[in-house]
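Trainee: Hi! I'm new to this one, could you walk me through it?
Mentor: Happy to, let's bring it up.

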Amino acid sequence: MELAILNSYNSARDFSEKAFKSLCYAPHTSLYFSMNGDVRVCCHNWSYPAGNIIRQTIGEIWNGDALKAIRTSLEGGSFAKGCGYCEWQIATGSFVNLSTSKWDLLPVPRQDPEWPLQMEFSIGNTCNLECIMCDGKASSAIRAHREKLPPLVSAYPDRFFTELRSYLPHLKRAKFLGGEPFLQSECARIWDMMIEDGLSVSCHVTTNGSQFNARVERFLEKLPFSISVSLDGYRKETIEKIRVNTQYEVLMSNVSRFREYTSERKTGFGLTYCLMRPNWEEFGDYCLFADSLDCNVFVNAVRTPAEVSLYTLSPAELGLIADSLERQSEGLLPLLKRNKAIWKGEVDRIRARASGLSPMSDKLKIVSQNA
């Protein structure tokens, strides 16, 4: 990566609560538990796991050599230890909606942290949807119906939950994602432990928005939840085509209920968008819709499957999309408020990639295909 871009990236960040500088603070603050038992620093680092819960304890992983190596690499200014996705994202020179920014929000008072401040749980694949960009590793419905495979066996034994209990009081944030968390027994088990122990850990759930029932309401009442709803479209036909099995009217009713809940509890609410070939044309309408709900849009760059990803298009094809989005900007930018920077940042990023300034490397393609 060009030194000028790296310097600009660091200049845009706030290091006031950091004892030292690092390209990313995920390995100093967080653990990400994936469905196969691998423990990672985040959802993007798939090529350099910190450990595996089947063979190790949480403590062994948190204090282990693999995690220390990732910390040392990022502190030294290198993305080499599995951090290629964020290097690819930052290399465009657009620093809006960066994945690394999530960990900049957490304080880092020392280089050898005693406890993780955040845990991300993607430990079950129970899901009622069959989204076109997903697979059976993240959706039990896809695994059963599209792939015709038996259910996955959980990689998380009882001893994991027993040990986890001692970590929960130290968390500033717990995130639940993958599949549909509000349908997963694994997530419910963690929330029940928090409730039983009288904790008030800030919980963040990325949900498909299909569930809002008495069971969900109990958890929402007992714990402070921030909610991100994945819609991946603005129009009914687009949403239902991408997020197979979604009932649009139920979904939009639940969006309103989740928004009302987070307003009352003064917790966070957002919408996520998997920006890809089937939905890029209505991204502007989506940003306007989020503005109407007074919430932010978080954009996921879809890399697989190849046939739906923008970034498997040729530079010429991607350039035509950038042209179209820039034409939309003329009428859209005067209307956008909260999500103006999100829109502009994504358009700039697509233009940069179309211009060949930040191509997806062969190595990153391999990592994406294995994710």
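Trainee: Let's start with Asp-294. Is it buried, partly exposed or exposed?
Mentor: Asp-294 counts as partly exposed, at 45% relative accessibility. Keep in mind that this is a predicted model.

Trainee: Where does Asp-294 lie?
Mentor: You'll find Asp-294 in the loop between α13 (283-292) and β9. Its phi is near 55°, which is a positive value in a residue other than glycine.

Trainee: And what about Lys-266, what is its phi?
Mentor: Phi of Lys-266 is near 55°, again a positive value in a non-glycine residue. Lys-266 sits in the loop between α12 and β8 (269-275).

Trainee: Is Lys-266 buried or exposed?
Mentor: Lys-266 is exposed, because its relative accessible area is 75% and the cut-off for exposed is over 50%.

Trainee: Since you mention α14, how do α14 and α15 cross?
Mentor: The axes of α14 (residues 315-332) and α15 (residues 340-354) come within 8 Å and cross at roughly 155°. The cut-off for roughly antiparallel is over 145 degrees, so α14 and α15 are roughly antiparallel to each other. The crossing of α14 past α15 is left-handed.

Trainee: Which residues make that contact?
Mentor: On the α14 side they include Pro-315, Leu-318, Ala-322, Leu-325 and Leu-332. On the α15 side, Trp-343, Val-347 and Ile-350 are among them. By class, the contact of α14 with α15 has nine nonpolar, three polar and four charged residues.

Trainee: What about α13 and α15, at what angle do they pack?
Mentor: α13 and α15 pack at an angle of about 160°, and their axes are 10 Å apart. They are therefore roughly antiparallel to each other. Here α13 passes α15 in a right-handed crossing.

Trainee: Which residues meet there?
Mentor: Phe-283, Gly-284 and Cys-287 in α13 meet Ile-342, Trp-343 and Glu-346 in α15. Those residues divide into four nonpolar, one polar and one charged. Trp-343 is also one of the α15 residues in the contact with α14.

Trainee: Switching to α10 and α12, how far apart are their axes?
Mentor: The axes of α10 (residues 214-222) and α12 (residues 248-265) are 11 Å apart, and the helices pack at an angle of about 20°. That makes α10 roughly parallel to α12. Their crossing is right-handed.

Trainee: And what meets what in α10 and α12?
Mentor: Glu-217, Leu-220 and Glu-221 in α10 meet Arg-257, Phe-258, Tyr-261 and Arg-265 in α12. By class, this contact of α10 with α12 has three nonpolar, no polar and four charged residues.

Trainee: Tell me about Phe-258. Is it buried or exposed?
Mentor: Phe-258 is buried, with a relative accessible area of 0%. Leaving out residues up to four places away in sequence, Phe-258 touches several residues, including Phe-182, Phe-212, Leu-220, Ile-227, Val-229 and Phe-269. Gly-209 is another one of those it touches. The C-alpha atoms of Phe-258 and Gly-209 are separated by 8.5 Å, though the two are 49 residues apart along the chain.

Trainee: How many residues does the largest nonpolar core have?
Mentor: The largest nonpolar core has 100 residues, and those with the most contacts inside it are Phe-33, Trp-191, Met-194 and Phe-225. Its largest share, six residues, comes from helix α9 (residues 185-196). Apart from this core lies another, of nine residues, among them Cys-127, Leu-129, Cys-131 and Met-276.

Trainee: Why would nonpolar side chains be buried together?
Mentor: As a general point, nonpolar side chains tend to be buried together in soluble globular proteins.

Trainee: What is Phe-33 in contact with?
Mentor: Beyond its neighbours within four places in sequence, Phe-33 is in contact with residues including Val-39, Ile-53, Ile-58, Met-119, Phe-121, Tyr-156 and Phe-160.

Trainee: Last one: where is Lys-172 found?
Mentor: Lys-172 is in the loop between α8 (158-167) and β5 (173-176). At 47% relative accessibility, Lys-172 counts as partly exposed. Not counting residues up to four places away in sequence, Lys-172 touches Leu-106, Pro-107, Leu-117 and Ser-202.

Technical notes
Residues numbered from 1 in each chain as written. Predicted model: local features only at pLDDT ≥ 70, side-chain atom pairs only at ≥ 80, totals over all residues. Heavy atoms only, no water. Axes fitted to C-alpha atoms, helices over the stretch in contact; angles between N-to-C directions. Helix = DSSP H or I, 4+ residues; strand = E, 2+ residues; numbered from the N terminus. Parallel < 35°, antiparallel > 145°, perpendicular 65-115°, else oblique. Left-handed = near helix turned anticlockwise from the far one by under 90°. Contact = heavy atoms within 4.5 Å. Nonpolar A, V, L, I, M, F, W, Y, C, P; charged D, E, K, R; others polar. Core = buried A, V, L, I, M, F, W, Y, C linked by side-chain atoms within 4.5 Å. Buried < 20%, exposed > 50% of the residue type's maximum accessible area, 1.4 Å probe, protein only.
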